[in-house]
Amino acid sequence: MSENRRNSFYGPLEDPATDAGYDDEHPPRVGFFTDTSVCIGCKACEVACKEWNGVPDDGFNLLGMSFDNTGNLGANSWRHVAFIEQPAPEPGRTTEDLGMPGFERPGDATGPETRQDFRWLMASDVCKHCTHAGCLDVCPTGALFRTEFSTVVVQQDICNGCGYCVSGCPYGVIERREGDGRAWKCTLCYDRLHDGLEPACAKACPTDSIQFGVLDELRERAARRVEELHERGVTEARLYGHDPNDGVGGDGAFFLLLDEPEVYGLPPDPVVPTRDAGAMWRYAGMAAGALVGIAVSAFVGRRT
């Protein structure tokens with residue numbers, strides 16, 4: 001770990017690529033802003049991700065009666081669209097108030113009935129490409145690396161399948177593939193970025209729920225979107241993963257949510273496990289030094 005990395009680890013770090021050793025000519029940091037308020041659950045992002053990256057199917061388990069066939073992120077699901085059904089947030093409010101469609105079902109002889117007393121919270125989750133990436137910090141082989149776009153990528157030809165990165169991720173994103181053993185996750189379509197193309201999932205999203213771009217510009221756009229929703233009375237709208245002062249230094253993929261993070265299966269206060277590693281090693285060194293001092297003193301005392 002470089003001296004620059006150690007000094008910057010405990011505070012905000014707006015340019016991880018520079019911290020990783022890239023010169024000043026590298027591209028600006030890019031990422032995703034996912035506006036869940038306009039996600040329709042079509043799963044086009046999941047399909048596009050699998051097709052472009054050659055990600056194998058994950059069994060298509062419908063998990064009982066749910067449309068959520070992927071369940072969670074993993075080695076074979078680099079994008080996961082969550083389906084969460086809940087009552088409308090306030091009595092008297094309908095899904096139309098939130099800008100969301102109602103749910104039409106068969107009615108009586110007068111025609112179909114449209115339910116608007118509940119809402120589906122849909123959100124396309126993905127690797128966060130953290131500013132301080134725990135998976136990157138613990139990888140012993142260098143298989144994980146920081147790109148010039150400030151994203152985090154796994155090199156499968158170097159990965160030895162040790163699994164340290166799995167426990168190093170505060171979001172539970174990265175996973176070893178069954179039958180393969182190596183770790184896999186979203187690359188933010190690193191190959192497409194090199195050709196000046198946006199990632200496949202963002203390209204396929206029909207509602208612009210997934211927005212790709214320069215991270216600073218996305219943060220400004222997201223702040224305006226939250227303000228707009230608040231003015232429309234959707235006061236529960238909030239951003240997640242945008243704050244550079246959080247436990248991971250801010251995410252390269254952040255979200256606009258309509259409820260608490262836990263509702264979407266996201267940790268409320270993510271902390272990179274290696275955040276305090278430097279201090280822990282210092283304390284361990286001090287303790288070891290103290291023990292050596294005690295042992296030497298005891299030995300000298302016995303000799304005299």
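Predicted model: local features only at pLDDT ≥ 70, side-chain atom pairs only at ≥ 80, totals over all residues.

Me: OK. Which residues does UniProt list for "binding site"?
Reply: The unreviewed UniProt entry lists Cys-49, Cys-186, Cys-189 and Cys-201 under that name. They span 153 residues in sequence, yet no two of their C-alpha atoms are more than 10.6 Å apart, so the four gather at one spot.

Me: Take Cys-189. Where is it in the chain?
Reply: Cys-189 is in the loop between β9 (183-184) and α6 (190-194).

Me: Buried or exposed?
Reply: Cys-189 has a relative accessible area of 6%. Buried means under 20%, so Cys-189 counts as buried.

Me: And what does Cys-189 touch?
Reply: Setting aside neighbours within four places in sequence, Cys-189 is in contact with Trp-52, Asn-53, Pro-199 and Ala-200.

Me: Now Cys-201. Which element is that in?
Reply: Cys-201 belongs to helix α7, residues 200-204. Its relative accessibility is 7%, so Cys-201 is buried. Beyond its neighbours within four places in sequence, Cys-201 contacts Phe-32, Cys-45, Ala-48, Arg-79 and Ile-210.

Me: Switching topic. How many residues are in the largest nonpolar core?
Reply: That core has 64 residues. Phe-32, Leu-144 and Tyr-264 are those with the most contacts inside it. Phe-32 is also one of the residues that Cys-201 contacts.

Me: What does Leu-144 touch?
Reply: Not counting residues up to four places away in sequence, Leu-144 touches Cys-135, Leu-136, Cys-139, Val-152, Val-153, Val-154, Cys-165, Ile-174 and Lys-185.

Me: On to charges. Which side chain of opposite charge is nearest to Asp-251, and how far away is it?
Reply: Lys-128 is the nearest, at 6.5 Å. Asp-251 is buried and has no salt bridge.

Me: Where does Asp-251 sit, and what is around it?
Reply: Asp-251 is in the loop between β11 (238-240) and β12 (253-257). Leaving out residues up to four places away in sequence, Asp-251 touches Arg-29, Lys-128, His-129, Cys-130, Tyr-171, Leu-215, Arg-219 and Gly-241.

Me: How many salt bridges are there, then?
Reply: The count comes to eight.

Me: Show me one with buried partners.
Reply: Glu-46 and Lys-43 form a salt bridge at 3.0 Å, N to O. Both Glu-46 and Lys-43 are buried.

Me: What about Arg-238? Which residue does it pair with?
Reply: Arg-238 forms a salt bridge with Glu-260, with the closest N and O atoms 3.4 Å apart. This pair links distant parts of the chain: Arg-238 is in strand β11 and Glu-260 is in the loop between β12 and α9 (277-303), 22 residues apart. Arg-238 is partly exposed at 25% relative accessibility, and Glu-260 is partly exposed at 40%.

Note on methods
Residues numbered from 1 in each chain as written. Heavy atoms only, no water. Core = buried A, V, L, I, M, F, W, Y, C linked by side-chain atoms within 4.5 Å. Buried < 20%, exposed > 50% of the residue type's maximum accessible area, 1.4 Å probe, protein only. Contact = heavy atoms within 4.5 Å. Helix = DSSP H or I, 4+ residues; strand = E, 2+ residues; numbered from the N terminus. Lys, Arg positive; Asp, Glu negative; His and termini not counted. Salt bridge = Lys/Arg side-chain N within 4 Å of Asp/Glu carboxyl O. UniProt positions renumbered as here; feature names shortened; annotations may be inferred.
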